[in-house]
There are 2 protein chains.
Amino acid sequence: MIEETCYIPVSTLQSFMVDVFIALGVPPKDAATCSEVLITSDLRGIESHGIGRLKMYFDRIMKGLQKPVTTFEVVHESPTTALVDGHHGMGQVIGVRSMQMAIDKARVYGMGSVAVRNSTHFGIDGYYPLMAVQAGMIGFSVTNARPSIAPTFSVRPMLGTNPIAFGAPTDEDFPFLFDAATSITQRGKIEVLARKGQPVPDGWVIGRDGNFVSDPDAILEGFAKEENALLPLGGAGELLAGYKGYGLATIVEILSASLQSGQFLYGLLGVAEDGSLKPNCIGHFFMAINIEAFVPLAEFKATTGAILRELRAATKAPGQERIYTAGEKEFENEKTVRQQGVPVLPKLQNEIRTIQAALGLTQYHFPF
Amino acid sequence: MIEETCYIPVSTLQSFMVDVFIALGVPPKDAATCSEVLITSDLRGIESHGIGRLKMYFDRIMKGLQKPVTTFEVVHESPTTALVDGHHGMGQVIGVRSMQMAIDKARVYGMGSVAVRNSTHFGIDGYYPLMAVQAGMIGFSVTNARPSIAPTFSVRPMLGTNPIAFGAPTDEDFPFLFDAATSITQRGKIEVLARKGQPVPDGWVIGRDGNFVSDPDAILEGFAKEENALLPLGGAGELLAGYKGYGLATIVEILSASLQSGQFLYGLLGVAEDGSLKPNCIGHFFMAINIEAFVPLAEFKATTGAILRELRAATKAPGQERIYTAGEKEFENEKTVRQQGVPVLPKLQNEIRTIQAALGLTQYHFPF
């Protein structure tokens with residue numbers, strides 16, 4: 001066994017994930033969708049939400065906590081809105097179809113939005129705004145998740161990492177794409193640090209006593225016992241405006257749960273009253289804004305591109321060499337990953353071997 | 001002269017502001033709108049954006065930088081969207097009419113949004129979502145502003161404080177209302193500290209050398225010379241995710257400027273090439289989501305109320321007595337202010353006396 005990071009070609013991993021999903025009972029077209037969302041995460045350098053999450057989906061499908069065959073039910077629909085029930089199917093399939101509905105509505109009416117109930121983990125939040133961007137629109141997507149952020153002045157994980165994703169087209173080779181948890185960090189990054197055996201920086205996670213904690217493995221266990229909590233963007237207390245990150249996480253919870261009368265906060269824990277595991281009942285909210293309803297698309301792209309270029313050209317702080325805009329690092333990372341392959345750390349190699357063995361996918365010969 | 005804080009009854013101040021605006025040439029109905037938006041800020045305890053900003057509007061109208069008579073031009077309209085030109089009129093009048101358009105569109109089509117160009121400072125961002133909340137909807141409002149936030153790894157103020165406001169109705173006596181700059185703090189809070197003669201906490205503002213600065217008067221001067229910059233929510237650098245606050249501020253800039261092909265960043269400085277002052281050309285973006293298009297309003301209110309109550313009931317950090325949700329402190333503040341009046345600090349007393357004398361509003365007899 002090679003105890004080092006291996007680099008696997010993008011196409012190999014993508015094809016492997018398709019075969020994993022198909023072997024788990026996901027219909028081929030849906031398996032391609034799931035794999036596409038996951039590999040996009042790896043391409044963008046978000047190691048936490050790509051192949052690194054495959055084992056989670058594998059486990060959840062095996063345990064019957066999410067269904068490989070997605071029943072996508074439109075419960076209610078208006079010219080610009082829809083309420084969708086995902087019936088615990090594949091989050092990526094539910095997400096892609098919902099965002100597509102929002103885009104289609106925005107094309108006709110100027111705006112479109114879709115609220116989703118009974119969904120499952122849908123991968124990187126940023127994938128969905130990218131769909132809108134490709135359609136020449138602004139895209140917005142939020143989701144709630146298992147409790148992990150402590151409200152300001154609390155030590156208990158209550159809100160999910162509740163990410164906000166927003167994308168807008170530009171006149172450059174890549175769009176503006178913001179995709180961030182409303183906490184300082186997120187579970188996936190702790191998982192990556194655990195996989196790498198590195199400590200968690202001060203200021204990210206607190207224990208029941210309100211003090212910072214740093215052992216990633218202990219933190220992941222602590223999450224499960226509700227003993228550790230992520231701090232909201234802005235940190236602990238009010239001095240550096242942690243109540244803003246907390247407020248943003250609450251906005252995401254409201255959009256994700258209240259518009260579909262669904263589960264929220266501890267209702268998303270995925271644990272039944274008898275202690276057994278149950279579906280998470282995650283909610284999402286997707287929105288598309290048709291730019292052409294306001295100004296010509298080319299004009300919007302030029303303005304947005306000019307804003308981003310002016311930001312990058314700002315006076316640098318002493319010792320700093322470069323100012324980025326959201327989505328820029330990820331765009332550059334994609335070029336690197338396409339060339340050198342997706343980095344697969346030893347812990348992840350183990351997970352892949354486990355899945356491969358369980359599903360009999362002997363046609364893949366990984367170098368680990 | 002009494003060199004202490006005076007408390008002036010809400011109705012007196014509101015009526016005074018109406019008379020100030022009328023004396024400045026604002027039509028009576030519009031003057032009532034402007035005064036209503038400003039007094040709402042004082043009622044909610046946001047001292048920076050109420051009577052404390054009256055002198056700024058006075059100065060700007062006197063200098064011809066904003067027009068007392070508002071020409072509200074709908075440049076372009078679709079079922080769910082509109083593009084409005086405010087022609088440098090009164091920001092509050094432009095804001096209220098634009099948000100009302102978004103609400104009216106959402107009532108018919110489920111969603112509505114309005115992008116605005118050539119506007120002026122419109123008061124607290126949170127006023128506009130409150131209008132949607134009163135109509136049983138979700139409201140969202142953003143605006144750009146003069147450069148003050150430094151991008152991550154920069155020391156130059158580039159982005160405005162670019163606030164995000166989001167409101168949602170609940171089954172409680174008051175709505176959820178988030179209204180926050182995407183910086184840790186905002187210019188108005190520095191102005192309040194300057195008025196009080198108190199230092200600015202570390203972590204809020206940096207100088208050209210990247211170090212924190214604390215003298216509020218020097219900071220306000222430094223803003224004008226672009227020597228000081230606000231830090232984005234999340235702070236300096238990347239460790240505590242300051243790039244997220246920076247990214248959120250950029251989202252607000254894109255929504256406020258790109259959808260109306262307007263001015264942005266240094267274009268909002270309000271200074272012409274020859275060094276003379278010119279209108280700020282601020283942009284806004286308003287949005288309303290009709291809740292009934294998704295779920296019954298009562299159901300939405302109950303879910304949202306339940307989320308907020310569960311958050312407030314979370315385990316408290318050691319030494320903490322209470323957990324708040326967004327808009328709760330402001331709701332409680334309103335009760336206090338209605339009872340004891342609006343606090344008017346000595347510096348503000350001077351400003352009021354100046355305005356009163358300039359406009360001959362001798363009918364008001366303030367206790368200072």
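Chain B can be laid on chain A with an RMSD of 0.0 Å by a turn of 180° and a shift of 0.0 Å along the axis, the copies being superposed by least squares on the C-alpha atoms of residues with pLDDT of at least 70 in both. This is the relation of a two-fold axis. The same surface serves both copies, as 99% of the contact residues of chain B recur in chain A; two residues are in contact if their C-beta atoms, placed from the backbone, lie within 7 Å. Of the residues of chain B, B:G234 comes closest to the rotation axis, with its C-alpha at 2.4 Å.

The structure is a predicted model, in which local features need pLDDT of at least 70 and side-chain atom pairs count only at pLDDT 80 or more, whereas totals for chains, interfaces and linings use all residues. Residues are numbered from 1 along each chain as its sequence is written, and chains are lettered from A and ligands numbered from 1 in the order in which they are written. The model scores ipTM 0.97 and pTM 0.97. For chain A the average pLDDT (the predictor's confidence in each residue, from 0 to 100) is 96, and 99% of the residues score at least 70.

In chain A, seven strands form an open sheet of mixed pairing, in the order β2-β3-β4-β10-β5-β6-β7. Helices (H or I, at least four residues) and strands (E, at least two) are DSSP runs, numbered from the N terminus, and two strands pair if DSSP finds at least two bridges between them. Strands of a sheet pair through backbone hydrogen bonds, either parallel or antiparallel. The edge strands of the chain A sheet are β2 and β7 (176-180), each of which pairs on one side only. From one strand to the next, the twist of this sheet averages 15°; axes are lines fitted to C-alpha atoms, for helices over the stretch in contact, and angles run from 0 to 180 degrees between N-to-C directions.

Strands β2 (residues 73-77) and β3 (residues 81-85) of chain A run antiparallel and are joined by four bridges. They form a hairpin with three residues between them, and A:E73 stands opposite A:D85 in β3(A). Strands β5 (residues 137-143) and β10 (residues 282-290) of chain A also run antiparallel, with seven bridges; here A:V142 stands opposite A:F285 in β10(A). Helix α8(B) packs on this sheet, touching β6 (164-168) and β7 of chain A, and its direction makes about 135° with that of β7(A).

Chain B likewise has an open sheet of seven strands with mixed pairing, in the order β2-β3-β4-β10-β5-β6-β7. Its edge strands are β2 (73-77) and β7 (176-180), each pairing on one side only. Neighbouring strands are turned by 15° against each other on average, direction ignored. Five bridges join β6 (residues 164-168) of chain B to β7(B), and the two run antiparallel; B:G167 stands opposite B:L177 in β7(B). Helix α4 (residues 91-109) of chain B packs on the sheet and touches β3 (81-85), β4 (111-119), β5 (137-143) and β10 (282-290) of chain B, with its direction at about 160° to that of β4(B). Helix α8 (residues 242-257) of chain B packs on the sheet as well, touching β5, β6 and β10 of chain B, and its direction makes about 95° with that of β10(B).

At the interface, 70 residues of chain B are in contact with 69 residues of chain A. On the side of chain B that touches chain A, the elements giving two or more residues are β3, β4, β6, β7, α8 and α9 (297-312) of chain B. The largest share, eight residues, comes from α8(B). The residues of this side divide into 39 nonpolar, 23 polar and eight charged, where Ala, Val, Leu, Ile, Met, Phe, Trp, Tyr, Cys and Pro count as nonpolar, Asp, Glu, Lys and Arg as charged, and the others, Gly among them, as polar.

The axes of helix α9 (residues 297-312) of chain A and α8(B) come within 10 Å and cross at roughly 145°. In this contact, A:T303, A:T304, A:I307 and A:L311 in α9(A) meet B:T250, B:E253, B:I254 and B:A257 in α8(B). By class, the contact has four nonpolar, three polar and one charged residues.
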